[in-house]
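The following exercises, each with a worked solution, concern the structure shown below.

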Amino acid sequence: TVTIEQRNNFTIKKPIEIFGPNGKLIKFKIKELYNKNGELVEVANHAQEILTFKIDQELTNMDMIRQKK
């Protein structure tokens, strides 16, 4: 499980890419996304919202997420 601070909006179940300074690119679909109150959300659309989701790969502090439109 990872915790992120969201900057741009994205939705679950659509492909995202996770990348960072280590040069590794991870293609992934978030199946379940939770806000800081533990509530299930489908759209991350509030700037600087704290969210969590499960991923079986290790991420670093400076990794970023992007979703193709």
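**Exercise 1. Describe the largest pocket: its volume, its lining and the strands that contribute to it.**

Solution. Step 1: the volume of the largest pocket is about 790 Å³. The model is a predicted one, in which local features need pLDDT of at least 70 and side-chain atom pairs count only at pLDDT 80 or more, while totals for chains, interfaces and linings use all residues. Residues are numbered from 1 along each chain as its sequence is written, and side-chain values use heavy atoms, with hydrogens and water left out.

Step 1: On a 1 Å grid over the protein atoms alone, a pocket is an open set of points with protein on both sides within 12 Å along at least five of seven lines, whereas a cavity is a set where a 1.4 Å probe fits but cannot get out; lining residues have an atom within 4 Å of a point. Points are joined across faces, edges and corners, and a volume is the space filled by probe spheres set on them.

Step 2: the lining of the largest pocket comprises 23 residues, and Glu5, Gln6, Arg7, Met64 and Ile65 lie nearest the centre. At least two lining residues come from each of β1 (2-5), β2 (10-11), β3 (15-19) and β9 (64-67). Strands here are DSSP runs of E with at least two residues, and helices runs of H or I with at least four, numbered from the N terminus.

Step 3: by class, the lining of this pocket has eight nonpolar, eight polar and seven charged residues. Nonpolar covers Ala, Val, Leu, Ile, Met, Phe, Trp, Tyr, Cys and Pro; charged covers Asp, Glu, Lys and Arg; the others, Gly among them, are polar.

**Exercise 2. Determine how many cavities of 30 Å³ or more the structure holds, and describe the lining of the largest cavity.**

Solution. Step 1: rolling a probe the size of a water molecule over the atoms shows where empty space is left. The structure holds one cavity of 30 Å³ or more, and the volume of the largest cavity is about 40 Å³.

Step 1: Ile18, Phe19, Gly20, Asn22, Lys24, Ile26, Glu58, Leu59 and Asp63 line the largest cavity. Four of these lining residues are nonpolar, two polar and three charged.

**Exercise 3. Give the strand order of each open sheet and identify its edge strands.**

Solution. Step 1: two strands pair if DSSP finds at least two bridges between them.

Step 1: Four bridges link β1 and β8 in the antiparallel sense, with Val2 opposite Phe53 in β8. Two bridges link β5 (residues 33-35) and β8 (residues 50-53), again antiparallel, and Tyr34 has Thr52 in β8 as its bridge partner.

Step 2: a further open sheet has three strands in the order β4-β3-β9, with antiparallel pairing. Here β4 (25-29) and β9 are the edge strands, each pairing on one side only. From one strand to the next the twist averages 30°, an angle between N-to-C directions of axes fitted to C-alpha atoms, on a scale from 0 to 180 degrees. The antiparallel strands β3 and β9 are joined by four bridges, and Phe19 stands opposite Met64 in β9.

**Exercise 4. Which residues of β1 form the covered face, and which the uncovered one?**

Solution. Step 1: in a regular strand the side chains alternate between the two faces of the sheet. Step 2: in β1, Val2 and Ile4 make up the covered face, and Thr3 and Glu5 the uncovered one.

**Exercise 5. Locate Lys13 and Gln48, and state the phi and exposure of each.**

Solution. Step 1: buried means under 20% relative accessible area, exposed over 50%, and partly exposed in between (1.4 Å probe, protein chains only).

Step 1: Lys13 lies in the loop between β2 and β3. Its phi is near 70°, a positive value in a residue other than glycine. Lys13 counts as exposed because its relative accessibility is 57%.

Step 2: Gln48 lies in the loop between β7 (43-44) and β8. Its phi, near 65°, is likewise positive in a residue other than glycine. Gln48 has 47% relative accessibility and therefore counts as partly exposed.
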